[in-house]
Amino acid sequence: MQPNAERLERMSGMLKRRGVILPAFEIHGGAKGLYDFGPVGGRLRNRVNQTWINHWLALGNIVELSCPTVTPYAVLEASGHVGEFSDFMTVCKGCEEASRADTLLEDYHPNPDALTKDELQTLLDASNPPCPTCDAQDWTEITAQNLMFNTTIGAGSSGRAGFLRPETAQGMFTSFPALLRHNRDRLPFGAIQVGKGYRNEISPRQGMIRLREFNMAELEYFFNPHEDQNHDFSPWMETKLSLVPDGQSVLEATIPSALESNIIRHSTVGYFMAQTYDFLVKVGIDPARLRFRQHEADEMAHYASDCWDAEILGSYGWIECVGIAHRGCYDLEAHEKATGKTLRARREFSEPKVVEIDGWTINGATAGPAFRALAGAVKHALEALDASASFPAKIKLTNGELVEVLPEHVKRVQRTETITGEWYIPHVVEPAFGIDRIIWHILDHAYDDESKEGDDYTVLRLSDHVAPVDFCVFPLFEKDGMGEMARQLHRKLCARPGLVSVYDSSGSIGRRYARADEIGVPRCLTVDHQSIEDQTVTVRDRDTGEQHRVHIDELV
RNA sequence: GCGGAUAUGGUGAAGUGGUAUCAUAGGAGGUUUCCAACCUUUUGUCGUGGGUUCAACUCCCGCUAUCCGCACCA
């Protein structure tokens, strides 16, 4: 543990010194749980994000969204976050002491913890309990406090309550009608979003691991639960992953075999586990320090029916960096209920269903005047009866009222309906990536300060996909035209979209290689005397130190 | 939120009731034909706010941040 802690200190120092990751707002004293990606880290973060986006767009049925971080209260109330993430507070106007509303109302309700904000407010207004501190009975309006950042959308009395989003997912669920239309009503499809999320953590810890503002990248994959997804697992037939099934010890298995033995319960979850494995390895996570752990039933989030975390082993132990959750129809159904809007897709049956309808309904001309306001409820009750019913009869309505229905109020209904399909709520599998945690582990796995025969020498062995700088350009000496030629080459490289080059002419050549290695530049280009003669430069590889000459036209 | 430790140039450290030392890094110049070489020169520091004192980086108190447990959270 001790050498590990020292390595962690050296690494954090380097990350700060070289502008990869720094405490935010440090000149003002800093702020807990908030970090800057500096001049090097900014590029790294961008490349991880872009690699992530490209990884999913390659599937062919994925679109990218960007939704607001400021989110109205109602959205997160519908999703369950207000209930799950918040405590409801009210402040005594007598002594300014804040109390939890559900605690105050324990004497007035069997389970106030389960109430919504509005229900608590109603109950608080009705019961008006005394303040436990000063016995006053005068409370402010209930506000939600806790893990989500509260904000007000708009000014003054016209402002609406809102939050900074705790996850990007809800915007993708609320955009479902637009997504479905874009995909011309055909499932499956996915939506991805990369962006910031916010959680007002009580106690952020462990550097980048628990942040108050963090980068997340989420994919919502919508599919028809009645249909086999037929995922192509052929690329992963031989790839063994470390799996930790619910409450059991670790085992090595391929995804297809784990699906076969029902350790992974759903093929779409398994498919995204495999894709997630590929992504993490692509950006430089060591497969030997990667495992997938299944959530036990009691730790499952409120929306999930099965969940696997990708955990990565680093300086802080095994840390969950990706959650792959089967959310079922939870979210779309929740937003449907809250809004009354339809968030469904249509599926046609392979054979139309022919349904014999044989029962009763009201005769509007007579039942309408007879039952007036109750006519709708009577119709509903009658249609639930089967064909054998006879009239007159006493019918119980849903509101408990008993009405007498006479033969002239009713009509027989006998017809045949052909039903060609139905509307259903799509199911969702959600791989959710904590980008900051992944970046931390990319750095952790890439950081090597024990090479070069025991001497302290630091190399960041980053994957080419995410290295923040592609090339360093060095003149061997800044004279005889070498400096000028190197500068020109540097500018040419920088002019290429997406390419980053750094020019460095100070110090010995060895020192400059060392500086480049420290931030993980994969290749250094050195202009020497021969370059002036024949327009070639040496290309030096970060990991092997090997050099070969290349004509500059091949580079740009 | 509770308990413990810590805070000195960019980084890593030393030190004292009388405004600070070293290494390394950075800039400029020189030297050098490819892996942190060398020479000259230069920049830059006591987390923050109070208190005690003639004088506080040093002693005391608060705050902020960092690290480690516990709790919380996914």
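**Figure 1. A hairpin formed by β12 and β13.** In this predicted model, strands β12 and β13 form a hairpin, with six residues between them. Within the turn, G247 has a positive phi of about 70 degrees. Strand β12 comprises residues 240–244, and four bridges join this strand to β13. The two strands run antiparallel.

**Figure 2. An open sheet of nine strands.** The strands follow one another in the order β3-β10-β11-β21-β16-β15-β14-β12-β13, and their pairing is mixed. Which strands stand at the edges of this sheet? They are β3 (62–64) and β13 (251–254); each has a single partner strand, so one side of each is left without a neighbour in the sheet. From one strand to the next, the twist averages 30 degrees.

**Figure 3. The pairing of β11 with β21.** Strand β11 covers residues 213–223 and strand β21 covers residues 427–434. The two run antiparallel and are joined by six bridges.

Figure 4. Helix α14 comprises residues 435–446. This helix lies across four strands, namely β11, β15 (306–314), β16 (317–328) and β21. The direction in which α14 runs makes about 145 degrees with β16.

**Figure 5. The packing of α2 against α14.** Helix α2 (residues 41–57) packs against α14 at an angle of about 110 degrees, and the axes of the two helices are 11 Å apart. Why are these helices described as roughly perpendicular to each other? Angles of 65 to 115 degrees count as roughly perpendicular, and α2 and α14 therefore fall under that description. The crossing in which α2 passes α14 is right-handed. On the side of α2, the contact is made by L44, R45, V48 and N49; on the side of α14, by I435, I439, I442 and L443. By class, the residues of this contact are six nonpolar, one polar and one charged.

**Figure 6. The packing of α2 against α10.** Helix α10 spans residues 267–282, and α2 packs with this helix at an angle of about 145 degrees. Their axes lie 11 Å apart, and the crossing is right-handed. Helix α2 contributes V48, T51, W52, H55 and W56, which meet F272, Q275, T276, D278, F279 and K282 of α10. How many residues of each class does this contact have? There are five nonpolar, four polar and two charged residues. The residue V48 of α2 takes part here and is also listed in the contact with α14.

Figure 7. The order of the strands is β25-β24-β26-β27-β28, with mixed pairing. At the edges are β25 (501–503) and β28 (547–551), each of which pairs on one side only. The twist from one strand to the next averages 30 degrees. Strand β27 (residues 536–541) pairs with β28 in the antiparallel sense over five bridges. Within this pair, V550 in β28 is the bridge partner of V537. Helix α15 (residues 482–495) packs on the sheet and touches β24 (471–475), β25, β26 (523–527) and β27. The direction of α15 makes about 165 degrees with that of β24. Helix α16 (residues 509–518) also packs on the sheet, where it touches β24, β26, β27 and β28. For α16, the corresponding angle with β24 is about 170 degrees.

Figure 8. Most residues other than glycine have a negative phi, and most peptide bonds are trans. Where is P188 placed? This residue is in the loop between α8 (176–182) and β10 (189–198). The peptide bond that joins L187 and P188 is cis, with omega at about 0 degrees. In another loop, between α6 (117–127) and β7 (143–146), lies N128. Phi of N128 is near 40 degrees, a positive value in a residue other than glycine.

**Figure 9. The domains of chain A.** The domain assignment gives domain 1 (2–67 + 165–330 + 428–435), domain 2 (70–164), domain 3 (349–422) and domain 4 (469–555). The C-alpha centres of domain 1 and domain 3 are 51 Å apart.

Key. Residues numbered from 1 in each chain as written. Chains lettered and ligands numbered in written order. Predicted model: local features only at pLDDT ≥ 70, side-chain atom pairs only at ≥ 80, totals over all residues. Heavy atoms only, no water. Axes fitted to C-alpha atoms, helices over the stretch in contact; angles between N-to-C directions. Parallel < 35°, antiparallel > 145°, perpendicular 65-115°, else oblique. Left-handed = near helix turned anticlockwise from the far one by under 90°. Contact = heavy atoms within 4.5 Å. Nonpolar A, V, L, I, M, F, W, Y, C, P; charged D, E, K, R; others polar. Domains from an automatic or database assignment. Pairing = 2+ DSSP bridges.
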